[in-house]
Every structure is written in C-alpha cells, then in structure tokens.
Amino acid sequence: LLMNLFVGLSVFAQGVNFQELSLAKALEKAKGENKYVFVDCYTSWCGPCKMMASQVLSQKKVGDYMNDKFVSVKIDMEKGEGPEVKKKYGVKAYPTFLIIQPDGNLIHQVVGYNEPDKFIKRVDESFDSSKATEVLRARYDGGERERQFMLNYLDVLLAIGDRSMGKVAQEIFAGLNEEEKFSPDYWFLYEDMKLNTVGADMYNFLLANRERFNTVIGKERVDNFLQRCNMEYLNWTSFGEADMTDEQRAAIQKNLDEVNIPELYPFWEVVQACRSRDVGRIVKACKKNFPKMDLDRCGSYYSMFKGMIEEKGTSAQKKAWDKLLIDIMKRKQIENQREMRE
C-alpha cells in the first residue's frame, strides 16, 4: 500500500498540480502564498483540451516550472462556476489558460494547444509587461499607439486569436507613410488573411498598387496571396441562405476581373451554383469545374452538397454526383503516384 501510494504521489508530482478549489478559494490561497492563479478553461468535448492535459500539463518539466509560481485549477466552462468565469474573463476558445492576479485581475492568457517548451514560454510572458496580454490591452485601451507597442500588441492578439487583431492591424496600416506601405517589413499585414480580406483598406491598396508590389515583394507572392484571399472569400460566400442579388454578384465579378487570376473563375461558377440551391445547376457546375479546381476543395464541396443531392436530386443527378467522387479519387491516385515518383 505504501509503495502504491508513493508511486501515485510521484506520478501526480510529475505535472501541473491542479487543486480542487473554486476560483475564489484559489485566489485566496494564491494571495497567502504570493503566487498567481492558473486556470485551465476546458470543456468535456474539446479534443485539444484533452491533448494538453495528457501530453503537456502532465509533463514533469511543465510541472517544475508551474507549481512554484501558480495555484492551478481546472474549470469546465459548461458546468458549475464555468459559465460565470467564461463571461467574466471573455473566454471564447478552448482550451484557454488564464493567469490571474490574487486580486482577480486577468494579466495574461494562452489559447490553444502548445508543445511543452512553447507553452512554458507563453506562460512565462505573464511576467513580462511587454508581452502580457492584458497589460498590453490596458495600455492600448488607455490610448497608447506608439508603433513598436502596436506591433507587439498585434503579435499577442494573433497568438490568442483575439478578434480585435484586424482593427489593430488596420490602425498600424493607417499610421504607415507611403514608403512604409510598400516596405517588405510590413508585407505581413497584407499577407495574413486573419488581418486582411477582400474589400478591406489594405486589400484595396494592394490591388490598386499591384504593379509596385510585384516589383518590391515579387509577383508570385502577390498573386499567391490574392488567389488564397479570394478563394477564402468565395468559400464563405457559398454559405448564404438565399441566392445572391445582382448587385452582390456584380461586385464579386468586378473584383475577380480586377484580380485577373484564371484559377478563380471555375470556383466562382461553383459558388454561384451553390448559392442558387438549384440541384441541377450545382451538379452541372461541379461536373464542369471540378477538373479545374483544387482536389481538397472539390472533396469539400462534394461532401457539403452530397446530402442535398441524395434528398432532392433525380436518379440521373445522383449518378452524376457519384461519378464526381470517382473522378476525384482517380485524380487523387494520380497525384499520389506523381508525388511518389518525385
């Protein structure tokens, strides 16, 4: 019994020492021990939460770093005090890890799965006022707009997937002079689709000055961004409940004509058919354009509308849809063989 107890305690000591405490009790204990509170915000259905628990938080080096600095607790965001904690600290994704001062003020957060060393590094940012998320947010809300501060703040927002990152990126862009807007140092603002999208000020500036960007950044890289950006935009356009209006269709067509990347047009035909919710039109558009489209995207759209075709399609339409899958699989096989030869 003693040996089993010793082994059990040794395993427990390997990783983060999570304690069975309410957040209020954890804050009280942290105050007495001169520590911060670390909160693992999870849900029962979250796969990355389980991976963090089994692969990262259980590791000895993570526990060695964490246990003398934090009073650690786990809170299910859908049970007990979880919904209240979620609302108070603005938890929007899982897993989210909160670092809270004993007075209850949030100073930092880490979002998503991170490998052990990266996780330790991200948590350690709590003690760096130039990287702690909520310290930077307070400075931003207080009106600070110095360039390097804004760049640091944007990096932090990107790391946690905060929705305000687009607004901050736009402010940085608006503060650039003419030469800086073309500088490779700031190309990341244009190229990151979490910051820039069709119709945004940065997108419009890039499109209006494409030739100069081709010279400074390189035509291949500029075209690659425009293609990816418009593919993503068209992808989201597919999901409307009703067909597009003539005005919406004309605006998208005008943009695609300005971008002038041939690979976008087949997908645009498929998107228009999808928005119509007309089974015959969808089957016809996909038969025509799938051979010209990316395989993964073909597979995605095949799966997306398979249920509709099976429910509403005629016998001929269903057969045509089944043949699309065969064609996709043949293309995939050929592609795999080519990759093996290379």
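Modeller: This is a predicted model, in which local features need pLDDT of at least 70, side-chain atom pairs count only at pLDDT 80 or more, and totals for chains, interfaces and linings use all residues. Residues are numbered from 1 along each chain as its sequence is written, and side-chain values use heavy atoms, without hydrogens and water.

Colleague: At roughly what angle do the axes of helix H9 and helix H12 cross?

Modeller: Helices are DSSP runs (H or I, at least four residues) numbered from the N terminus, as strands are (E, at least two). Axes are lines fitted to C-alpha atoms, for helices over the stretch in contact, with angles from 0 to 180 degrees between N-to-C directions. The axes of H9 (residues 165–174) and H12 (residues 201–208) come within 10 Å, and they cross at roughly 45°.

Colleague: Which cysteine is joined to cysteine 46 by a disulfide?

Modeller: A disulfide is a pair of cysteine sulfur atoms within 2.5 Å. The structure holds one disulfide. With S to S 2.3 Å, the partner of cysteine 46 is cysteine 49.

Colleague: Is cysteine 229 buried or exposed?

Modeller: Buried means under 20% relative accessible area, exposed over 50%, and partly exposed in between (1.4 Å probe, protein chains only). Because its relative accessibility is 2%, cysteine 229 counts as buried.
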